[in-house]
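This briefing is for a reader who is new to the structure shown below.

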Amino acid sequence: MNNAVLEDDYADHEELRLAALAAYDILDTPPEAAFDAITEIAALICDAPIAVINFIDRDRQWFKSVLGLDVRQTPLNISICVHAITQPDLFIVPDTRLDARFTDNPLVRGEPYLRFYAGALLRSETGYPIGTLCVLDYQPRELNEKQLSALTALAGQVMTQLELLRAHSKQASLIQELQAAQAELLALASTDSLSGLLNRRAFEECLENELLRLKRNEQSAALIMIDFDHFKSINDQFGHAAGDCVIRNFAELCHQVFRQTDVISRWGGEEFVVLLPNTSQAQALEAAERLQQLLKNQPILELKQQAIFMTVSIGISTLTASCELEASLRGVDQLLYLAKAQGRNCTVCA
Ligand SMILES: Nc1nc2c(ncn2[C@@H]2O[C@H](COP(=O)(O)OP(=O)(O)OP(=O)(O)O)[C@@H](O)[C@H]2O)c(=O)[nH]1
């Protein structure tokens, strides 16, 4: 194999290794007690003044936990760990001054005068070397068998901790997605798709809550039922799609007329119900008149050939502490029926 092929292979492997490291999302995160406990135990067991959990990034080694040194990262060209990640499991340098790879290293020649290094590999779930758990000393020395086994076992603990963090953050983002999907479903289930207003089921829930509230605080509210007049003739004359536009435009108009705290719903076909909390009959009548005035002054739909005007009939009832849901809805429906009977384009209150 020629050198160019070997270099390409190395570059590919390095990119995959960096991707494996990136998948843990650990770089530049704050110190964490679980990792600090591991470096502390490693230093104690190996009787070493320095212990580090580090990850080998593209051009730096970054310390997740560091005991005995006052740095968070160093460039790769002075890193001893960068050699450790090319070894199968453990990398031991008994005396850095006797090892040609490190005699000129500024951390060996100068502060902090590192003489001994023992690093256990941190291997990703997919098998890539991503960093080390290492202990260092200012004296040349060795580790005994038990210390070496302990260092390897602790490196395993670092990886277990990393996997736990990753699973936890995956779980958290899944929960977030699930909550967003649930909220979307809930909104869909309570919305009328044509008008974007609340549907009948969602409105009934709001009304039920309002009636409970009225029983507690003795206030009053108003219920308005609105029905388009002769809507069938709009459909017949201009087509069903135009009728749909009228429904959408009417929903817009309702947003202009009613307060944000009022609950507007499409009750069915061309019938709408609005709940006006904390509202007197006179105030509800004013809102109904505003709506009828707007419909009188502006077309509900403008087609190329003509402007379409529409009128509505309205029933208004007052809700008090003694009102029940079904009776309230029946009552306001009857008032609307009276408005229709009185010739349409009018409001009947009770
Ligand atoms: N375009 C459209 N039309 C609808 C929709 N839902 C109901 N309609 C129509 O609404 C019309 C209701 O007709 P009617 O019950 O006779 O009421 P109206 O013509 O408004 O007459 P009055 O209520 O008596 O004034 C029918 O033509 C329905 O097809 C809808 O979602 N889109």
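**Briefing**

Strand S7 (221–228), helix H7 (231–238) and helix H8 (240–257) each contribute at least two residues to the shell around the ligand. The model is predicted.

**Around the ligand**

- Of the 16 residues around the ligand, the nearest are Asp229, Phe231, Lys232, Gly243 and Gly269.
- Helix H8 provides the largest share of the shell, with 4 residues.
- By class, the shell is made up of 7 charged, 5 polar and 4 nonpolar residues.

**Helices H7 and H8**

- Two packed helices are described by the distance between their axes and the angle between those axes.
- For H7 and H8, the axes come within 6 Å and cross at roughly 135°.
- The two helices, H7 and H8, are therefore oblique to each other.
- On the H7 side, the contact is made by Phe231, Ile234, Asn235 and Phe238. On the H8 side, His240, Ala242, Gly243 and Val246 take part.
- This contact of H7 with H8 has 5 nonpolar and 3 polar residues, and no charged residues.
- Phe231 of H7 and Gly243 of H8 belong to this contact, and both are also among the residues that come nearest to the ligand.

**The open sheet**

- Strands of a sheet pair through backbone hydrogen bonds, and the pairing is either parallel or antiparallel.
- Here 5 strands form an open sheet with mixed pairing, in the order S8-S9-S7-S12-S13.
- Strand S8 (263–268) and strand S13 (347–349) are at the edges and have a single partner strand each, so one side of each is left without a neighbour in the sheet.
- From one strand to the next, the twist averages 20°.
- Strand S12 (residues 312–319) and S13 run parallel and are joined by 3 bridges.
- Within this part of the sheet, Ile316 stands opposite Cys349 in S13.
- Strand S7 is part of the sheet, and it also supplies at least two residues of the shell around the ligand.

**Ile92**

- Ile92 and Cys134 are 42 residues apart in sequence, and their C-alpha atoms are 9.5 Å apart in space.

Terms used
Residues numbered from 1 in each chain as written. Predicted model: local features only at pLDDT ≥ 70, side-chain atom pairs only at ≥ 80, totals over all residues. Near = placed C-beta within 6 Å. Nonpolar A, V, L, I, M, F, W, Y, C, P; charged D, E, K, R; others polar. Axes fitted to C-alpha atoms, helices over the stretch in contact; angles between N-to-C directions. Parallel < 35°, antiparallel > 145°, perpendicular 65-115°, else oblique. Contact = placed C-beta atoms within 7 Å. Pairing = 2+ DSSP bridges.
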